[in-house]
Amino acid sequence: MTTIRATGLVKRFGDNSVLNGVDLDVAEGEVVCVIGPSGSGKSTLLRCLNLLEIPTSGRVFIGDDEITADDAPVDALRRRVGMVFQSFNLFPHRTVLDNVALAPIAVLGVDKAAAHDRARALLGRVGLEDRAGEHPARLSGGQQQRVAIARALAMEPEAMLFDEVTSALDPELVKDVLGVMRSLAEGGMTMVVVTHEMGFAREVGDRVVFMDGGVIVEQGDPAQVLEAPRAERTKRFLSRVL
Amino acid sequence: MDEVIRQYFDWDAARPYLPDLARGFWVTIQIAILAEILCLVLGMLLAVSRQAGRGARSRAGRIGGALLRGFSVAYINFFRAVPALLVLLLMAGSFPFLPIPIVSDLTTFQIAFLGLGFVYAAYIAEVYRAGIESVDRGQTEAARSLGMGGGQAMRLIVLPQAVRRVLPPLMNDFIALTKDVALVSVLAVPDVVSVARDAQSITFNSSTLVVAALFYLAFTLPLIWLLDRVIAREKRRAGRGDIVTP
Ligand SMILES: Nc1ncnc2c1ncn2[C@@H]1O[C@H](COP(=O)(O)OP(=O)(O)OP(=O)(O)O)[C@@H](O)[C@H]1O
Ligand SMILES: [Mg+2]
């Protein structure tokens with residue numbers, strides 16, 4: 001597993017300043033949950049960490065390697081950090097098995113049979129080995145999201161980013177996805193999890209980060225931040241969502 | 001009345017020309033297929049160039065991308081704006097006199113399919129582009145987050161979905177292209193239309209032109225039927241949600 005470190009992240013879209021100097025240090029095997037109101041820059045922060053969004057300024061390190069460096073091997077560094085999206089973004093023209101096996105074959109040059117074996121094992125891990133031959137559209141949202149997690153894991157990432165991965169799911173499907181994430185956390189994966197699931201943040205998170213207006217307002221032990229927030233803005237946010 | 005019918009449907013006037021007309025239609029089909037292959041490939045290159053270097057971080061990547069984009073936009077707009085007939089006349093009229101080895105050696109047949117292929121590549125590029133842009137940005141982001149390069153994401157993830165969605169307009173353009181092969185008759189290429197017209201100018205009877213039309217119908221009507229089937233299938237698929245991810 002690896003560490004992720006961001007320093008002085010600033011991101012502007014035109015005049016809209018979305019991140020206003022964010023420092024984030026994620027230790028090896030740490031699970032950091034990011035909470036905050038809509039539009040506070042949570043997704044943008046996450047997307048800056050694997051350079052899907054290029055920060056206006058600031059630096060991001062994956063382990064000892066700076067992904068924001070001018071000559072950084074961005075594709076190679078992205079491989080080390082898996083990402084799961086709110087809208088799943090599975091490849092609809094490929095089977096579930098191919099969704100998981102495609103990147104290892106295309107990017108890592110893993111031999112096809114080996115990639116398929118491994119993909120089946122990963123699908124088993126998220127409880128979907130029997131759906132391998134189907135197309136994603138045949139699966140429920142919760143199942144699709146578990147495939148998306150398996151797809152990211154197939155690259156054997158050293159860290160994972162989750163962006164509100166249960167927000168598009170029916171309540172009864174949320175549990176399975178959170179269960180998969182919990183077992184990942186227990187396996188020692190470094191994780192940054194943007195979430196509205198306060199229960200998950202409290203039980204699984206090692207640290208909770210509260211963002212508002214493009215800055216980190218408050219962070220600390222989940223129980224402390226969620227139950228005894230210090231900042232006024234955190235209190236107001238939590239009183240609305242809890 | 002007989003006179004009218006005979007002008008169009010005089011079997012005896014057309015019969016002697018049937019072998020020539022059949023050979024002519026074979027020329028038409030060859031030109032259509034060669035031009036189609038050319039415009040599918042060239043159109044794809046243009047469409048992909050048009051997206052080049054958008055996310056590039058390095059200076060070289062940005063400049064290279066801008067040049068590629070500029071070239072493909074210029075190409076596409078030029079060929080969409082200028083009549084195909086004019087392009088064909090320009091190429092056939094000038095190429096034999098150019099001091100460029102391969103170009104001056106081109107036969108009119110080759111110029112015919114090259115010209116049509118160049119023109120249709122512009123339309124095909126626009127069709128592909130619509131397809132590429134219709135694919136959700138999340139698809140590329142998912143591919144890139146897995147470590148794929150921009151080219152890989154385009155080839156493995158975006159293009160397969162894009163091409164599938166634009167199959168109907170691609171087929172439509174193939175039908176239009178096949179009909180536009182008639183334009184090459186002005187270059188003295190012995191396509192079916194030029195054979196029919198030459199015969200008509202000897203016999204003063206239009207039955208050979210009617211036969212040419214029948215040849216066209218026999219070829220394009222099945223394509224039109226197939227196109228309608230493809231469209232209907234896509235509709236059913238979209239209705240079932242097979243293509244779009246929720
Ligand atoms: N590509 C973009 N172009 C322009 N503005 C953007 C872009 N992406 C995000 N923004 C803006 O950045 C701001 C923060 O967006 P972001 O998605 O990071 O918020 P968030 O905290 O994830 O919110 P939510 O909880 O609703 O997902 C919003 O005002 C949004 O409009
Ligand atoms: Mg968000």
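## Q161(B) and its surroundings

Contact here means heavy atoms within 4.5 Å. In this predicted model, and leaving aside neighbours within four places in sequence, Q161(B) is in contact with P92(A) and H93(A) of one chain and with V135(B) and Q139(B) of the other. Q161(B) belongs to helix α9 of chain B, and its side chain makes a polar contact with the side chain of H93(A), at 3.4 Å.

Is Q161(B) buried or exposed? Because buried means under 20% relative accessible area, Q161(B), at 6% relative accessibility, counts as buried.

## The interface between chain B and chain A

On the side of chain B, 27 residues are in contact with 35 residues of chain A, and the area buried between the two chains is about 2400 Å², of which carbon and sulfur atoms give 56%. Of the area that chain B buries against chain A, 29% is supplied by R57(B), S145(B) and L146(B), which is more than any other three residues supply.

Between chain B and chain A the count is two salt bridges. R144(B) forms a salt bridge with D75(A), in which the closest N and O atoms are 3.2 Å apart.

Which elements give two or more residues to the side of chain B that touches chain A? They are α8 (137–145) and α9 (150–165) of chain B, and α8(B) gives the most, with eight residues. By residue class, the side of chain B that touches chain A divides into nine nonpolar, 10 polar and eight charged residues.

## The nonpolar cores

The largest nonpolar core has 61 residues, and those with the most contacts inside it are I31(B), L116(B) and V184(B). Several helices of chain B each supply at least two residues of this core, including α3 (18–49), α4 (59–81), α9 and α12 (207–240), while the largest share, 14 residues, comes from α7(B).

Around L116(B), again leaving aside neighbours within four places in sequence, the residues in contact are I31(B), A35(B), L88(B), L177(B), D180(B), V181(B) and V184(B).

Technical notes
Residues numbered from 1 in each chain as written. Chains lettered and ligands numbered in written order. Predicted model: local features only at pLDDT ≥ 70, side-chain atom pairs only at ≥ 80, totals over all residues. Heavy atoms only, no water. Buried area = accessible area lost by both parts, 1.4 Å probe. Salt bridge = Lys/Arg side-chain N within 4 Å of Asp/Glu carboxyl O. Helix = DSSP H or I, 4+ residues; strand = E, 2+ residues; numbered from the N terminus. Nonpolar A, V, L, I, M, F, W, Y, C, P; charged D, E, K, R; others polar. Core = buried A, V, L, I, M, F, W, Y, C linked by side-chain atoms within 4.5 Å. Buried < 20%, exposed > 50% of the residue type's maximum accessible area, 1.4 Å probe, protein only. Polar contact = N/O pair within 3.5 Å; in protein donor to acceptor, adjacent residues only side chain to side chain.
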